[in-house]
Amino acid sequence: MNRLTHVDLATMTGLPEAFARAHIPGEALGTMEWRRLTPSERDGAILGAIRENERDDLASAGPEGIARWEKGWAEVAARVANDGASEDTLRPQYFRYEFMRLLGDYARPEARDLEYRIHKMLSELVFRTHLAGLESIVEFACGTGINLMRIGKIFPTIKLTGCDWAKPSQDILGRIATQHGINLAGKLVNLWTGEGADPAALRHGRTGILTVHGLEQIGAGWGPFLKIVEAMKPAIVVHIEPIVEMYDPNSLLDALAICYHKKRKYVDGFLTEIRAREAAGQAEIVATKRFNFGSSFQEAYTLVVWRPKA
Ligand SMILES: C[S@@+](CC[C@H](N)C(=O)[O-])C[C@H]1O[C@@H](n2cnc3c(N)ncnc32)[C@H](O)[C@@H]1O
């Protein structure tokens, strides 16, 4: 049996171990147990991934997906209306896999919600590193607003805006703001079209832009998003997303993740575009980091940090 350590968090994020120790309490790691799979479990995980990729009913990202998101977030909005906005009630429903990908191979969580809890720790370290010193942050495809609630607690004076195309998301954000005294407002924005986004109104002083598992949802249709970003002239843009360009097609687990990524029509070509912009002097890439961490099927946790150049 293994237990997640500050050294693991530092290895995954590329940040100093002391930084991880300063911000992630040792007690929080105490129950984060996991183990490597036996050879037959590993075969089972690989077979499971192949079968998942063959499924006909696997939901893929696309403009027709809005009803699914509205339904999911309406469930969360009802939970929040009853029980208040908390880490528990805002938690999205989709963290539920039997295996994880951890430190370069499959792992079996031996503690409840391990993937979700690791995600939370890694995000906290990323937010503290890349979103410090801003006056406002806009998260696109913000969902239940759980990232914004956490950011509001880390940086209490910052102005936060959550954009999503699903209406129940806006109700949830309103409740987070009132209940937690966070300066947070919602805006209905459709990233397929850019509809609803007024870049000048979204920007407040030194502004950061964030996406977490949100850009993934717009496949190759990130053009309108990039236009909004350019017009907002942000100080920094931070993504925690599945980034297909970062996989190694010659690795078995990565090859399976690439199939899964394509099957679900996740974000395609975005990093390639940002790299091209950097080469043309139009953007600066501050960091790209694969956390070597994910669910049974993919790694939804690759960090890309960049800024457009004027
Ligand atoms: C996987 S969830 C991530 C939510 C949130 N960022 C988080 O980390 O919990 C994907 C989000 O993208 C939103 N989304 C999908 N397509 C979108 C679009 N075209 N425009 C705006 N939001 C979209 C969904 O409504 C959902 O809230």
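**Exercises on a predicted model**

Among the 21 residues around the ligand, Trp-69, Ala-141, Gly-143, Leu-191 and Gln-217 come nearest; a residue is near a molecule if its C-beta atom, placed from the backbone, lies within 6 Å of it. This is a predicted model, where local features need pLDDT of at least 70, side-chain atom pairs count only at pLDDT 80 or more, and totals for chains, interfaces and linings use all residues. Residues are numbered from 1 along each chain as its sequence is written.

**Exercise 1.** Sort the shell around the ligand by class.

*Solution.* Step one: set the classes. Ala, Val, Leu, Ile, Met, Phe, Trp, Tyr, Cys and Pro count as nonpolar, Asp, Glu, Lys and Arg as charged, and the others, Gly among them, as polar. The shell has 12 nonpolar, 8 polar and 1 charged residues.

**Exercise 2.** Find where Lys-233 lies and how exposed it is.

*Solution.* Step one: locate Lys-233. It sits in the loop between helix H10 (223-232) and strand E9 (236-241). Helices (H or I, at least four residues) and strands (E, at least two) are DSSP runs, numbered from the N terminus. Lys-233 is not a glycine, yet its phi is positive, about 45°. Step three: count neighbours. Lys-233 has 13 other C-beta atoms within 10 Å, so it is partly exposed (buried: 20 or more; exposed: 12 or fewer; partly exposed: in between; C-beta atoms are placed from the backbone).

**Exercise 3.** Do likewise for Asn-292.

*Solution.* Step one: Asn-292 lies in the loop between strand E10 (283-290) and strand E11 (293-295). Step two: its phi is positive, about 50°, although Asn-292 is not a glycine. Step three: with 16 other C-beta atoms within 10 Å, Asn-292 is partly exposed.
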